[in-house]
Amino acid sequence: MLKRKKPVLDEREMLEMYRVEHFGLWLMYALLCAVILVQMLLGAPLLQMAGELAVVIVTSIAMVIANVRHGIWDENSRPSMRGNALYSIGAGVCVCVLLAVIKGNIPAALAAGVCAGALCFAALTLLMQYMLKKQARAEKELDN
């Protein structure tokens, strides 16, 4: 069972299997995030959501690390400050709206949204700088 066996699928079938797995895993990830969101809106305590949160956090970090290690930013875009700003604004707005709905404290929700957006922007910018250096290094090695 632990030994690698020779695949019985051809390249086309393998590609199709990877597409199905890709869709299924992203669907599972989105549904897990939706479950956490519903639990938050219903006022569930953090301890009740700990398992789901741990899975989402570990999966998210692992996906970011794996993509960065392989020099992949996104399927449809290249790293840019404009993209970082747009994603950060989106994250900040989501945090702000969620906290405003859950807690009802608008000033605290705005502050949390701004902080979340700023942290997201900083993290994306650091990752972008690392990716650009990694890509430049890879291109330099290919040229040599």
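This is a predicted model: local features need pLDDT of at least 70, side-chain atom pairs count only at pLDDT 80 or more; totals for chains, interfaces and linings use all residues.
Sorted by class, the lining residues of the largest pocket comprise 25 nonpolar, 6 polar and 3 charged.

We can now turn to how these helices pack against one another. Two packed helices are described by the angle between their axes and the distance between those axes. For α3 and α4 the angle is about 150 degrees, and the axes lie 7 Å apart. Angles over 145 degrees count as roughly antiparallel, and α3 and α4 are therefore roughly antiparallel to each other. The crossing of α3 past α4 is right-handed. On the α3 side, the residues that meet α4 include Met81, Tyr87, Gly92, Val95, Cys96 and Leu99, while on the α4 side Ile106, Gly113, Gly117, Cys120, Phe121 and Met128 are among those that meet α3. The residues of this contact of α3 with α4 divide into 17 nonpolar and 6 polar, with no charged residue.

The packing of α2 with α4 has another geometry, with an angle of about 25 degrees and axes 10 Å apart. Because angles under 35 degrees count as roughly parallel, α2 is roughly parallel to α4. From α2 the contact is made by Val64, Val68 and Arg69, and from α4 by Leu127, Tyr130, Met131 and Lys134. By class, the contact of α2 with α4 has 5 nonpolar and 2 charged residues, and no polar ones.

The remaining pair to consider is α1 and α3, which pack at an angle of about 35 degrees, their axes being 9 Å apart. In this contact Leu37, Met40 and Leu41 of α1 meet Leu98, Val101 and Ile102 of α3. The residues of the contact of α1 with α3 are 6 nonpolar, with no polar and no charged residues.

Definitions and conventions
Residues are numbered from 1 along each chain as its sequence is written. Side-chain values use heavy atoms; hydrogens and water are left out. Ala, Val, Leu, Ile, Met, Phe, Trp, Tyr, Cys and Pro count as nonpolar, Asp, Glu, Lys and Arg as charged, and the others, Gly among them, as polar. Axes are lines fitted to C-alpha atoms, for helices over the stretch in contact, and angles run from 0 to 180 degrees between N-to-C directions. Helices (H or I, at least four residues) and strands (E, at least two) are DSSP runs, numbered from the N terminus. Angles under 35 degrees count as roughly parallel, over 145 as roughly antiparallel, 65 to 115 as roughly perpendicular and the rest as oblique. A crossing is left-handed if the near helix is turned anticlockwise from the far one by less than a right angle, and right-handed if clockwise. Contact means heavy atoms within 4.5 Å.
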